[in-house]
Amino acid sequence: MRRALAVSSFAAAALFALTAAANAQQGRVQAGVIECRGGPHVGLVVGSMNNLGCVFRANGRPDDLYIATVTKVGLDLGITDQTAVSWVVFAPTVQLGAGDLSGDYAGVDASAAVGVGLGANALVGGSANSFALQPLSVQGQTGLSVAAGVQSLQLRPGR
């Protein structure tokens, strides 16, 4: 019974995230892809904070590096060894300059891992909430964890 409830809660949160992302991209064009990776992470009962290294890639443009701080509020239990997540970036224009994605983003998150795990999250934010980050593929992680709730992402220029 508990397992069925956990699976259905995870599925509902992931569906909500994907629906929110589809609605958030209206009026925007696909500008590129941002990929983030992080190391070990420990989730607490009511939330967590994790730092990731990110790179934004767009056709014909040099890679743009970012540092991301991910904060989750909600259920976040467990330990993961590595995390990798990619988002398609939707923006008002396809021509983005260095550091243009810097800013604060918010959305929903759902993930689970037993050995290897999956997750999904969709975020909206940046300058005047003009960017939408839609999951390119599911989040990949290794470890033992379960998380669902509200997520914020702070992107800052990297080196």
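Let's start with the core. The largest nonpolar core in this predicted model has 22 residues. Which of them touch the most other members? They are I34, F56, V89, L101, L153 and L155.

Now, where does this core come from? Six strands each supply at least two residues: β1, β3, β4, β5, β6 and β7. On your screens, β4 covers 64–91, β5 covers 103–125, β6 covers 131–135 and β7 covers 139–157. The largest share comes from β4, with 7 residues. As background, nonpolar side chains tend to be buried together in soluble globular proteins.

Take L155 next. Set aside its neighbours within four places in sequence. What is L155 in contact with then? The list is I34, C54, Y66, I67, A68, L101, S102, G103 and Y105.

The structure holds 1 disulfide. C36 and C54 form it, with their sulfur atoms 2.0 Å apart. C36 lies in strand β1, residues 29–38, and C54 in strand β3, residues 47–57, so the pair ties together parts that are 18 residues apart in sequence.

Which hand does the disulfide have? The torsion about the S-S bond is about 110 degrees, so the disulfide is right-handed.

Last point: are these two cysteines buried or exposed? C36 is buried, at 2% relative accessible area. C54 counts as buried as well, at 4% relative accessibility.

How values were computed
Residues numbered from 1 in each chain as written. Predicted model: local features only at pLDDT ≥ 70, side-chain atom pairs only at ≥ 80, totals over all residues. Heavy atoms only, no water. Disulfide = S-S within 2.5 Å. Helix = DSSP H or I, 4+ residues; strand = E, 2+ residues; numbered from the N terminus. Buried < 20%, exposed > 50% of the residue type's maximum accessible area, 1.4 Å probe, protein only. Core = buried A, V, L, I, M, F, W, Y, C linked by side-chain atoms within 4.5 Å. Contact = heavy atoms within 4.5 Å.
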